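User: I am new to reading protein models. Can we go through this one step by step?

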Amino acid sequence: MVAVAMIMTGTLIWSTFVWAPAAGLISAGVAVVTGLPVYYFWDRRNRKTQ
C-alpha cells in the first residue's frame with residue numbers, strides 16, 4: 001500500500017512539473033518556506049521534552 005501511495009504521489013508531482021513548471025516551482029517553494037518554521041518549532045519542542 002505504501003508503494004502505491006508513493007507511486008501515485010510521484011506521478012502527481014511529475015505531471016504537475018511537466019504541465020506547469022513555473023507554477024510547480026512556486027508551489028514547491030511556498031510549501032518548503034511555510035513548512036520549515038513548523039519543522040523547527042516541533043524539533044525544538046521535542047528536544048526540550050527528551
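Analyst: Start with a term. A salt bridge is a side-chain nitrogen of Lys or Arg within 4 Å of a carboxyl oxygen of Asp or Glu. Keep in mind that this is a predicted model.

User: How many salt bridges does the structure hold?

Analyst: Side chains of opposite charge can pair when their charged atoms come close. Here Arg 47 pairs with Asp 43. Their closest N and O atoms are 2.9 Å apart. The count of salt bridges in the structure is one.

User: What separates Arg 47 and Asp 43 along helix α2?

Analyst: Both residues sit in helix α2. They are four residues apart there, so the separation is about one helical turn.

User: Is Arg 47 buried or exposed?

Analyst: The cut-off for exposed is over 50% relative accessible area. Arg 47 has 60% relative accessibility, so Arg 47 counts as exposed.

User: And which class does Asp 43 fall into?

Analyst: Buried means under 20%, and exposed means over 50%. Asp 43 has a relative accessible area of 24%. That value lies in between, so Asp 43 is partly exposed.

User: How do helices α1 and α2 pack, roughly parallel or oblique?

Analyst: Helix α1 covers residues 2-19, and helix α2 covers residues 21-49. Their axes lie 5 Å apart, at an angle of about 125°.

User: Which residues of α2 does α1 meet?

Analyst: On the α1 side, the residues are Thr 16, Phe 17, Val 18 and Trp 19. In α2 they meet Pro 21, Gly 24, Leu 25 and Ala 28.

User: What is the distance between the C-alpha atoms of Trp 14 and Gly 24?

Analyst: Trp 14 lies in helix α1 and is exposed, at 59% relative accessible area. Gly 24 is 10 residues away along the chain. Their C-alpha atoms are separated by 9.5 Å.

User: What about Ile 7 and Pro 37?

Analyst: Ile 7 is also a residue of helix α1. Ile 7 is exposed, with a relative accessible area of 55%. Pro 37 is 30 residues away along the chain. The C-alpha separation is 28 Å.

Methods. Residues are numbered from 1 along each chain as its sequence is written. This is a predicted model: local features need pLDDT of at least 70, side-chain atom pairs count only at pLDDT 80 or more; totals for chains, interfaces and linings use all residues. Side-chain values use heavy atoms; hydrogens and water are left out. Helices (H or I, at least four residues) and strands (E, at least two) are DSSP runs, numbered from the N terminus. Axes are lines fitted to C-alpha atoms, for helices over the stretch in contact, and angles run from 0 to 180 degrees between N-to-C directions. Contact means heavy atoms within 4.5 Å. Buried means under 20% relative accessible area, exposed over 50%, partly exposed in between (1.4 Å probe, protein chains only).
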